[in-house]
Amino acid sequence: MLGGRLILKALDGIAEGTLEPRPQPQHGVTYARKIGREDGRLDWRQTAASLERQVRALDPWPGVYFESPGRRGGGQRVRVLGAIVLPGESGSAPGTVLDDNLSIACGEGTFRPLRVQRPGRAPLDAAAFLRGFPIPPGTVLPCRATS
């Protein structure tokens, strides 16, 4: 509520002509580059919490994805539409699939996609996705450091 009062005070100052404009300081100004599709690639070396935030931050565009292992040698992008962070440490290398629920070891913590989408397909819950496109425990998913 305090912010609302400050805005009202500023608007009153503008209306009365008593508010003096001043330029924004140049110190501390930074440039933010444009977000691109490659910014959505999950890096399993990061913490599970930061990956889960990345899923929420980059939805709907550019979206977040990981590279799945391919059945015939070629992987494909799997878009992550929802995820959770599981408590505790996995003790496995980042990117390792830990169980049949698609829990994935991260640099710190464990990340579990809840809703995913393959290219050209409808979004699915992770369990339905794994029935048609299994990724067995022990599979190591690639990330920027390993691909």
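Predicted model: local features only at pLDDT ≥ 70, side-chain atom pairs only at ≥ 80, totals over all residues.
**Figure 1. Proline 60 sits in the loop between α2 and β1.** Aspartate 59 and proline 60 are joined by a cis peptide bond, with omega at about 10°. Proline 62 is also found in the loop between α2 and β1.

**Figure 2. Leucine 102 has a positive phi.** What is the phi of leucine 102? The value is near 70°, which is positive in a residue other than glycine. Leucine 102 belongs to the loop between β2 and β3 (104–105). Is leucine 102 buried or exposed? With a relative accessible area of 0%, leucine 102 counts as buried.

**Figure 3. Helix α2 packs its buried residues against strands.** Helix α2 covers residues 48–57, and its buried members are Ala48, Ser50, Leu51, Glu52, Gln54 and Val55. Which strands do the buried residues of α2 pack against? The partners are β1, β2 and β4.

**Figure 4. Glutamate 67 and arginine 77 form a salt bridge between two strands.** The N to O distance for this pair is 3.5 Å. The bridge links distant parts of the chain: glutamate 67 is in strand β1 (residues 64–68) and arginine 77 is in strand β2 (residues 76–86), 10 residues apart. Glutamate 67 has a relative accessibility of 18%, so it counts as buried. Arginine 77, at 33% relative accessible area, is partly exposed.

**Figure 5. Glutamate 38 and arginine 41 meet in another salt bridge.** Glutamate 38 is partly exposed, at 39% relative accessible area, whereas arginine 41 is buried, at 13%.

**Figure 6. Arginine 115 pairs with aspartate 125.** The closest N and O atoms of this salt bridge are 3.2 Å apart. Arginine 115 is part of strand β4 (residues 110–117) and aspartate 125 is part of strand β5 (residues 124–125), so the bridge ties together parts 10 residues apart in sequence. Both ends are partly exposed: arginine 115 has a relative accessible area of 36%, and aspartate 125 has 46%. Elsewhere, salt bridges with shared partners join Glu38, Arg41, Glu67 and Arg77 into one network. How many salt bridges does the structure hold? The count is 8.

**Figure 7. Zooming out, the protein has 3 helices and 5 strands.** Along the sequence, these elements follow the pattern α-α-β-β-β-β-β-α. The radius of gyration is 22 Å, while a compact globule of 147 residues would have one near 15 Å. Along the principal axes, the C-alpha atoms fill a box of roughly 70 × 30 × 30 Å. Of the 147 residues, 32% count as buried. Take the contacts between residues at least 6 apart in sequence: 59% of them join residues at least 24 apart.

Figure 8. The accessible surface comes to about 9700 Å², and carbon and sulfur atoms account for 55% of that. As for charge, the protein carries 20 positive and 14 negative charges, and their mean positions are 7 Å apart.

How values were computed:
Residues numbered from 1 in each chain as written. Heavy atoms only, no water. Salt bridge = Lys/Arg side-chain N within 4 Å of Asp/Glu carboxyl O. Buried < 20%, exposed > 50% of the residue type's maximum accessible area, 1.4 Å probe, protein only. Helix = DSSP H or I, 4+ residues; strand = E, 2+ residues; numbered from the N terminus. Contact = heavy atoms within 4.5 Å. Rg over C-alpha atoms; globule rule 2.2 N^0.38 Å. Areas by Shrake-Rupley, 256 points an atom, 1.4 Å probe, with all protein chains shown as cover. Lys, Arg positive; Asp, Glu negative; His and termini not counted. Charge placed at Lys NZ, Arg CZ, Asp CG, Glu CD.
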